[in-house]
Amino acid sequence: MIRPARFFDIHTVAAFLLPVLLFIMPGIARGHAYPDHADPKVGSTVATPPTVVRIWFDGDLEPEFSSIMVHTAGGSMVDKNDGRVDPADPALLEVSVPPLPPGSYIVYWTAVSRDGHRTSGSYTFTVK
């Protein structure tokens, strides 16, 4: 019996698709924006109170859906309610704060990456 010739067999298709998938998958997995570093640093104690609290992310953020707030350890909001993504650096989320008295503070953030993935979290810092 004579079989018709095939252009592709399963091994050829798999050999082609595997490298393509391995190349594409890291980009898909990196759809979320995660914090890279912050000022004040996560868990730090600072002698001089900050005037701005900043978090840099590993990707650009959607300004309309990203937010940052600073609260006292007791839960009172202390920031100036002007949280924003920096127009000059779309990976920077920041908020102004008044002169902070000594104490512990909690920074709450929500970041939405340009592809719509949302991440959120919090961290603390202390003013001496």
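Reply: In this predicted model, Arg 84 has a relative accessible area of 28% and therefore counts as partly exposed. Its side chain meets that of Asp 82 in a salt bridge, with an N to O distance of 3.2 Å. Asp 82, at a relative accessible area of 27%, is likewise partly exposed.

Me: Which residues do salt bridges that share partners join into one network?

Reply: Arg 84 and Asp 82 form one of the salt bridges, and Arg 54 and Glu 94 form another at 3.1 Å, N to O. Through shared partners, the residues joined into one network are Arg 54, Asp 82, Arg 84 and Glu 94.

Me: Is Glu 94 buried or exposed?

Reply: Glu 94 lies in strand S6 and Arg 54 in strand S3, so their pair ties together parts that are 40 residues apart in sequence. Arg 54 has 27% relative accessibility and is partly exposed. The cut-off for buried is under 20%. Because Glu 94 has 9% relative accessibility, it counts as buried.

Me: How many residues apart in sequence are the parts that Glu 62 and Arg 114 tie together?

Reply: The side chains of Glu 62 and Arg 114 meet in a salt bridge of 4.0 Å, N to O. Glu 62 lies in the loop between S3 and strand S4, and Arg 114 in the loop between strand S7 and S8, so the parts tied together are apart in sequence by 52 residues.

Me: What is the count of salt bridges?

Reply: Side chains of opposite charge can pair when their charged atoms come close. The rule requires a side-chain nitrogen of Lys or Arg within 4 Å of a carboxyl oxygen of Asp or Glu. By this rule, the number of salt bridges is four.

Conventions:
Residues are numbered from 1 along each chain as its sequence is written. This is a predicted model: local features need pLDDT of at least 70, side-chain atom pairs count only at pLDDT 80 or more; totals for chains, interfaces and linings use all residues. Side-chain values use heavy atoms; hydrogens and water are left out. Helices (H or I, at least four residues) and strands (E, at least two) are DSSP runs, numbered from the N terminus. Buried means under 20% relative accessible area, exposed over 50%, partly exposed in between (1.4 Å probe, protein chains only).
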